[in-house]
Amino acid sequence: SHFSMLYCHHLPGPFKGLSQLQSLDLRGNNFSTLPIGMFDGIGSGKLFATLDEESYFWKNESSLRLVGLNFELPVGVFDGLTMLQELSLTSSSLKRPLPAGVFRDLTRLEKLSLTNNSLSTIDLGTLQQSFQQLTGLRELDLQNNNLETLPAGIFEGLKDLQILDLQSNGLKMLPAGVFSNLRYLHNLSLRNNGLEVLPSRA
């Protein structure tokens, strides 16, 4: 059946209530945007879903792992996931950069992985407001993206961050004070970036 754009935009939470669902197959359809509330109320246990030939996700009550997405993710796509503790969005070719506010409902998130997504410094800047809503985040993985530098103040709201992985990004420089408020940080990786100079006060 044809999974239309209209359906995606006007029926938020299309699978809400399917708490016993363990397998979902959406291959062979024509949608390019995931709907608002896509993951709300679906699969209270372990769920595996295929979105197309390259995109899939695993979900349980506390974690969501999305791999290889080539869809647009609207603000609200993660709405309803107030108990989620771990979100992984990796190896994706997103139709558009992640929008500001995309993580607005993830108030209990502790671990966020955005590896292998070709995120640019501009893309990361768009997420600055979203990061500031993740006040309980403990671990942030941004390795293997295209970050030539870091937006000033990008980590300001992440006061409880303990692990930060920025390896293999092609970072050329770091803004002064970019890590200054991360007082609980105990693991920072900047390997394989080609940094030529470190700021006197990183």
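**Reading the fold**

Mentor: The protein chain holds 3 helices and 9 strands, where helices (H or I, at least four residues) and strands (E, at least two) are DSSP runs numbered from the N terminus. This is a predicted model, in which local features need pLDDT of at least 70 and side-chain atom pairs count only at pLDDT 80 or more, while totals for chains, interfaces and linings use all residues. Residues are numbered from 1 along each chain as its sequence is written, and side-chain values use heavy atoms, with hydrogens and water left out.

Trainee: Which are the edge strands of the open sheet?
Mentor: The open sheet has 9 strands in the order β1-β2-β3-β4-β5-β6-β7-β8-β9, with mixed pairing; two strands pair if DSSP finds at least two bridges between them. An edge strand pairs on one side only, and the edge strands here are β1 (23–25) and β9 (187–189).

Trainee: In what sense do β3 and β4 pair, parallel or antiparallel?
Mentor: The two strands form a hairpin with 3 residues between them. Within the pairing, Phe57 has Leu66 of β4 as its bridge partner, and Tyr56 stands opposite Val67 in β4. Over 4 bridges, β3 (residues 56–59) and β4 (residues 63–67) pair in the sense called antiparallel.

Trainee: Why is β4 largely enclosed by the rest of the structure?
Mentor: Burial is judged by relative accessible area, with buried meaning under 20%, exposed over 50% and partly exposed in between (1.4 Å probe, protein chains only). Strand β4 is largely enclosed because, of its 5 residues, the number buried is 4.

Trainee: What share of the 202 residues in the protein chain is buried?
Mentor: For the overall dimensions, the C-alpha atoms fill a box of roughly 60 × 30 × 25 Å, taken along the principal axes. Among the 202 residues of the protein chain, buried residues make up 49%.

Trainee: Where is Ser91 placed?
Mentor: Phi of Ser91 is near 50°, a positive value in a residue other than glycine. Ser91 is partly exposed, with a relative accessible area of 39%. The place of Ser91 is in the loop between β5 and β6 (111–113).

Trainee: What is the relative accessibility of Asn144?
Mentor: Asn144 lies in the loop between β7 (139–141) and β8 (163–165). Phi of Asn144 is near 60°, a positive value in a residue other than glycine. Asn144 counts as partly exposed, its relative accessibility being 31%.

Trainee: Which residues lie nearest the centre of the largest pocket?
Mentor: On a 1 Å grid over the protein atoms alone, a pocket is an open set of points where a 1.4 Å probe fits, with protein on both sides within 12 Å along at least five of seven lines, and lining residues have an atom within 4 Å of a point. The largest pocket is lined by 15 residues, and those nearest its centre are Gly41, Lys59, Asn60, Glu61 and Leu81.
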